[in-house]
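Me: I have a model open and would like to learn how to read it. Please take me through it one feature at a time.

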Amino acid sequence: MRKIIYDNLHKFIALLCVIVICIAAVFGGIVGTAVAYAESTYTDVLTDLQSDESFNVSDYPADSSDYSLSVIQIAESEDNELFLYVYRPYTGSAYDITATSINMSLFEWGTDDTNYFVYSLTLLNEYGVFQKYKVNGFTVSTETTRYYDISAIYRPFNSALDDEQENGNTTDEISFEVGKCWRADTDSSGNVTYTMQKTDVLTITSKRVGYVEYADGFNLYGSWCDSHFVAFDCDYDIDYLYEADVYYVSRSYSYSVGLGLSGDKTYGDEVENYAYLTYTQDVSYTGTGWFAKTYTWDRIEKVSDFIASEEYTLTDDATEDISSMQWVLRFAETSKWASSGYGTYIEYGTDISSVTILRLKFMSNGTTYNLGVVDNRTSGSDEPDGTGSGIAESCENIDWRTILAILALVVIVIILFPVLPYVAQFLVWIISLPFKLINAIIKAFKKPKDKNKRE
């Protein structure tokens, strides 16, 4: 009897274990294991990290007041994917601290060929303070030696954790320094070894994103060229700035306000853009309207030159904000069109956002540097920081209806010019006719009196 009870108890326990395992498989695992965010074929972050004998969990303590992110390792998969292993000290549930992207170059750090691109990330799984990400849209090179130079990692801005800007700009994402370059070498047997070198980076300490608005001259509608810029200061004293790489997101928009209109902006699809600037580049712009002025500006210029330019007038707020910064990058131009009348206003243009500097090549104290940059993603205000000066701007304030009436009058005069003498004679005859009638009446009364005197 005891044996039967014992055997049945073992069967019951075994059945219970099977049920628990099935539930764990369905709902993402037993409490205390890694939480899966993508396909179950990906190994969990802690298992991967512990495959390195030098890895020590105690080197990465949890900290409820630290909302930063640090890249501690990379790995290539058999499917030629690239993984990042990230240390995130905060493990609480109040805030979502998840990386969005990295700034990475595929060249050996310190070479002239260094350039950086933004790569988005997908969180695969996490365990405690550790996170595993996949670099989206990336395929590992077939070269036997590969480099992964990462200057910065980004996460979304959180108003509860991060400081708001006070200059009218909006911080979209916060950047954290990585400053590491990994080298991956594949031997003849297909084995991969990784070595890591710490690198120098440049950190942006303050900046302003904005645009200068140049009128196209006189048209029967309003049109402008918006020259977008980013002014910045950093942790280096830059004597000469030779090159700059800027990343930004653009999207078209339309805006309509008035009777029966929503007054909301409608946006097109977002497009990622890269601007590669050098100190030898300049821009020349001439509007398409009447009396349009030609404007010129440098892609890279000192803040002092930017403020002192006679091509435009900066707002007091913009002047005060950037006066303590070092350099200005004029990275993009977009067109804008607007029309108003009968209680409505319609505008079409391009919105620029998420501006971040990726790389700067410069000289400081006699030494030339070519560095990846740690810089937040920032969006500027909808209002211009400056307007072009000259006849083009004065023309845009003229009431087009008045101009149209004047033009119509001129056209009528030109058409009637051959018959104007006859028209003038007719007008003179019409105007003089009352006076002739009055004169005739006066003469009629005078004639009898003269006749009596003769008799």
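Predicted model: local features only at pLDDT ≥ 70, side-chain atom pairs only at ≥ 80, totals over all residues.

Me: How many helices and strands does the chain have?

Reply: Helices (H or I, at least four residues) and strands (E, at least two) are DSSP runs, numbered from the N terminus. The chain has seven helices and 23 strands.

Me: What share of the residues is buried?

Reply: Buried means under 20% relative accessible area, exposed over 50%, and partly exposed in between, with a 1.4 Å probe and protein chains only. Of the 455 residues in the chain, 40% are buried.

Me: Which residues touch the most other members of the largest nonpolar core?

Reply: A nonpolar core is a set of buried Ala, Val, Leu, Ile, Met, Phe, Trp, Tyr and Cys residues joined through side-chain atoms within 4.5 Å. The largest has 28 residues, and L84, I102, Y148 and I153 touch the most other members. Strands supplying at least two residues each include β2 (70–76), β3 (82–87) and β8 (170–186); β8 gives the most, with five residues. Another core, of 26 residues, lies apart from this one, and A275, L329, V355 and L371 are among its members.

Me: Where is L69, and what is it in contact with?

Reply: Contact means heavy atoms within 4.5 Å. L69 is in the loop between α2 and β2, and counts as buried because its relative accessible area is 1%. Leaving aside neighbours within four places in sequence, its contacts include V86, I97, I153 and F176. L69 and V86 are 17 residues apart in sequence, yet 6.6 Å apart in space, C-alpha to C-alpha.

Me: Which residues are closest to the centre of the largest pocket?

Reply: Rolling a probe the size of a water molecule over the atoms shows where empty space is left. On a 1 Å grid over the protein atoms alone, a pocket is an open set of points where a 1.4 Å probe fits, with protein on both sides within 12 Å along at least five of seven lines; lining residues have an atom within 4 Å of a point. The largest pocket holds about 770 Å³ of space. It is lined by 31 residues, and Q73, I74, A75, Y85 and Y194 are the closest to its centre. The largest share of the lining, five residues, comes from β2.

Me: Is D226 buried or exposed?

Reply: D226 lies in strand β11 (residues 222–234), and is buried because its relative accessibility is 5%. Its side chain makes a polar contact with the side chain of K336 (3.4 Å). A polar contact is a pair of N or O atoms within 3.5 Å; within protein, one must be able to donate a hydrogen and the other to accept it, and residues adjacent in sequence count only if both atoms are side-chain atoms.

Me: What is the phi of F291 and of S354?

Reply: Most residues other than glycine have a negative phi. F291 has a positive phi of about 60°, in the loop between β15 (282–286) and β16 (294–298). S354 has a positive phi of about 50°, and lies in strand β20 (residues 344–364).

How values were computed
Residues numbered from 1 in each chain as written. Heavy atoms only, no water. Points joined across faces, edges and corners; volume = space filled by probe spheres on them.
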